[in-house]
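Okay, thanks for coming, everyone. Let me put the sequence and the model up, and then we'll walk through it together.

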Amino acid sequence: MSLTMVLLPVFVEVGLTFALLFWTKGRAKTAEAAEEFGLPTLFYALIALALPLRHADLAIVLLSWVFVVTRFVNAGLLRSADGRQRGLAWTASALVLLAMWL
């Protein structure tokens, strides 16, 4: 798997993280902000470990894209900001990340 294919979802997630950081500045409570940035941190750590260990295969890349899409849904950028949908999107992203770690 090429380095570009592995890192592209990471850079998209970094962009989303910064967008949320600046968009929610002063609007969200500290606990809510921590919830938004906890999963991406585990995602970044996973990719940082997978690259040098040469475990960044097609499955990791595909699951990375699924994770990024669920994070966009959770951020309310691809669907309505309905609390139930966001909760389901957060759960889906957490399960995808767990599958990636396993």
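This is a predicted model: local features need pLDDT of at least 70, side-chain atom pairs count only at pLDDT 80 or more; totals for chains, interfaces and linings use all residues.

Let's start with a question: which residues are buried in helix 1? They're Val6, Pro9, Val10, Glu13, Leu16, Thr17 and Leu20. An α-helix has 3.6 residues a turn, so residues three or four places apart point the same way. Helix 1 itself has 21 residues and reaches 30 Å from its first C-alpha to its last, close to the 30 Å expected at 1.5 Å a residue.

Okay, stepping back. The average pLDDT for the protein is 82, and 80% of the residues score at least 70. Among the elements, helix 2, residues 30-50, has the lowest mean at 79, while helix 3, residues 58-74, has the highest at 92.

As for the overall layout, we've got 4 helices and 0 strands.

Next up, helix 3. Helix 3 has 17 residues and spans 24 Å from first C-alpha to last, close to the 24 Å you'd expect at 1.5 Å a residue. Its buried residues are Ile60, Val61, Ser64, Phe67, Val68, Thr70, Arg71, Val73 and Asn74. Just after helix 3 you'll find Gly76, with a positive phi of about 85 degrees.

Now zoom in on Leu63, which lies in helix 3. Why isn't Leu63 on the buried list? Because its relative accessible area is 27%, Leu63 counts as partly exposed; the cut-off for buried is under 20%. Leaving aside neighbours within four places in sequence, Leu63 is in contact with Val96 and Met100.

Last thing, the surface. Met1, Met5, Leu58 and Leu62 form a nonpolar patch there, with about 400 Å² of accessible area together. Met1 sits in the segment before helix 1, and Met1 is partly exposed, at a relative accessible area of 48%.

Notes:
Residues are numbered from 1 along each chain as its sequence is written. Side-chain values use heavy atoms; hydrogens and water are left out. Helices (H or I, at least four residues) and strands (E, at least two) are DSSP runs, numbered from the N terminus. Patches are made of residues with over 30% relative accessible area and no salt bridge: like charges are joined within 9 Å, nonpolar side chains (Val, Leu, Ile, Met, Phe, Trp, Tyr) within 5 Å. Accessible areas come from the Shrake-Rupley method with a 1.4 Å probe; for residues, only the protein chains shown count as cover. A salt bridge is a side-chain nitrogen of Lys or Arg within 4 Å of a carboxyl oxygen of Asp or Glu. Buried means under 20% relative accessible area, exposed over 50%, partly exposed in between (1.4 Å probe, protein chains only). pLDDT is the predictor's confidence in each residue, from 0 to 100. The expected span of a helix is 1.5 Å times one less than its number of residues. Contact means heavy atoms within 4.5 Å.
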